[in-house]
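Dear colleague,

Please find below the structure that I am handing over to you, with its sequence. My findings follow directly after it.

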2 protein chains.
Amino acid sequence: MKVDSSIKQKYSHETEELADFKVGVDNVIFSVDTTYNRVLVLLRKRAEEPFNNYWSLPGTLVRQGESLTDAAYRTLAEKIQVDNLYLEQLYSFGEPGRDPRENPDSFGIRYLSVSYFALVRYEEAKIIAKSDKSTSWYKVDEIPNLAFDHDEILNYGWNRLKNKLQYSPIAFDVLPTEFTLNEVYQLYCTILGEHFSDYSNFRSRLLKLGFLLDTKVKVSRGAGRPASLYKFDSEAFAPLKDKPLLFI
Amino acid sequence: MKVDSSIKQKYSHETEELADFKVGVDNVIFSVDTTYNRVLVLLRKRAEEPFNNYWSLPGTLVRQGESLTDAAYRTLAEKIQVDNLYLEQLYSFGEPGRDPRENPDSFGIRYLSVSYFALVRYEEAKIIAKSDKSTSWYKVDEIPNLAFDHDEILNYGWNRLKNKLQYSPIAFDVLPTEFTLNEVYQLYCTILGEHFSDYSNFRSRLLKLGFLLDTKVKVSRGAGRPASLYKFDSEAFAPLKDKPLLFI
């Protein structure tokens, strides 16, 4: 991309008035229901304007004295109870016009969204019940029209999920603590598409990395032979943490 | 991390007043001087309070109607002229207290920094001259005390650079358009440390990826035998773009 005097010129004609902002955090919270082999996203139904009654990513506006991460945890804690949580900052969305409240006859200020990416275990996460069912898991391939630019934010989170699955052990943050190798493979298939790898290559690559622990317990799932249950061995993974790794 | 009722309780005692923000963009701009084998960061000296006379990352505050990316390009175009530029959003820093202007007896509002990560070719980038030498390249291992939390932002950018070097072809965005394989290796050594790989393994892995084009031109650099000049072949790389790759 060229950055030259034409860009400077473009800006010399614009106002130099600074924009005023409120800052929101919006969370893309993924989990996986291994029983039905579904990747899920937590959504909540808005009960206020703008976008009243639209589904949206769970979010909140940052309060005085509150850090961005604390705001992300606060809105999470209002929606679900979880024991373990993987959370990282995703991306900031701040285009002019992304929020109708920017309109001069509304609040007349910009709204910036700092989005967060979270992974929780489906069977551990309890939705904090409200009688109005305003918080719910949605299958990633059956997402309704979302409020604001939340479809774009969700899409960004989905790409981060795909990317991290290839280079990091985040699969083991969403799978149950004990799993069969086939369940890991199914998770990868669901997110990366069926043709990312065949099962036997995937299986041998994963075992060679050396951080999956065979619990020696066998389970029968479906019609096949009983399969071993594995655990993620974080001690065995520790020396690999800063090494470049490929999982597929 | 546990997210439970104690966190909710913590927040129930806090003010629910929303914070007001100005939003800045700060750019971590890297280049590489292959002649002297140095990784460089562009810094500018502040000429205003707070942190008057401190070196800082080149940045600006977002104006009315301006997107975050446009603000990043605007401040870049004020500091350097470049033909090609790799730019991506890095991370948003928004801790309470990160900017002294937040103080009630100053402006009394929060300042959020959306940071950007940029790569430019050293020999193509011209610093837009000011007689006061307020913009300058600094070696990454000789950075002065920076204003605000810019040391933290720079460190975040440095880690992104290391990470991307392992998984993506960004080296070829900072190297000259024609380079020897030894120059690629030296760049990796400078950023990842000397022991990341030995030269012959690195060289064969890189050539096997299949996107380096031998120009058949040989150059003599230093005492060794003349070495071939290579080019990054973006057409050969295109089908690999979305595949998981390891560069070291």
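I begin with one residue of chain B. B:S31 has a relative accessibility of 0% and therefore counts as buried, the cut-off for that class being under 20%. Please note that the model is a predicted one. In chain B, strand β1, which spans residues 21-33, contains B:S31. When neighbours within four places in sequence are set aside, the contacts of B:S31 are B:R38, B:V39, B:L40, B:V120, B:Y122, B:W137 and B:V174.

I turn next to the interface between the two chains. Chain A contributes 48 residues that are in contact with 48 residues of chain B. The size of an interface is often expressed as the accessible area lost when the parts come together. Between chain A and chain B, the buried area is about 5100 Å², and carbon and sulfur atoms give 56% of it.

As to polar interactions, 18 residue pairs are in polar contact between chain A and chain B, with both residues at pLDDT 80 or more. The two chains are also joined by two salt bridges. One of these links the side chains of A:K22 and B:D20, at 2.5 Å from N to O.

On the side of chain A that touches chain B, at least two residues each come from α1 (5-12), β1 (21-33), α2 (68-79), β6 (86-93), β7 (110-119) and α3 (150-167) of chain A. The most is given by α2(A), with five residues. By class, the residues on this side of chain A comprise 24 nonpolar, nine polar and 15 charged.

With kind regards

Terms used:
Residues numbered from 1 in each chain as written. Chains lettered and ligands numbered in written order. Predicted model: local features only at pLDDT ≥ 70, side-chain atom pairs only at ≥ 80, totals over all residues. Heavy atoms only, no water. Helix = DSSP H or I, 4+ residues; strand = E, 2+ residues; numbered from the N terminus. Buried < 20%, exposed > 50% of the residue type's maximum accessible area, 1.4 Å probe, protein only. Contact = heavy atoms within 4.5 Å. Buried area = accessible area lost by both parts, 1.4 Å probe. Salt bridge = Lys/Arg side-chain N within 4 Å of Asp/Glu carboxyl O. Polar contact = N/O pair within 3.5 Å; in protein donor to acceptor, adjacent residues only side chain to side chain. Nonpolar A, V, L, I, M, F, W, Y, C, P; charged D, E, K, R; others polar.
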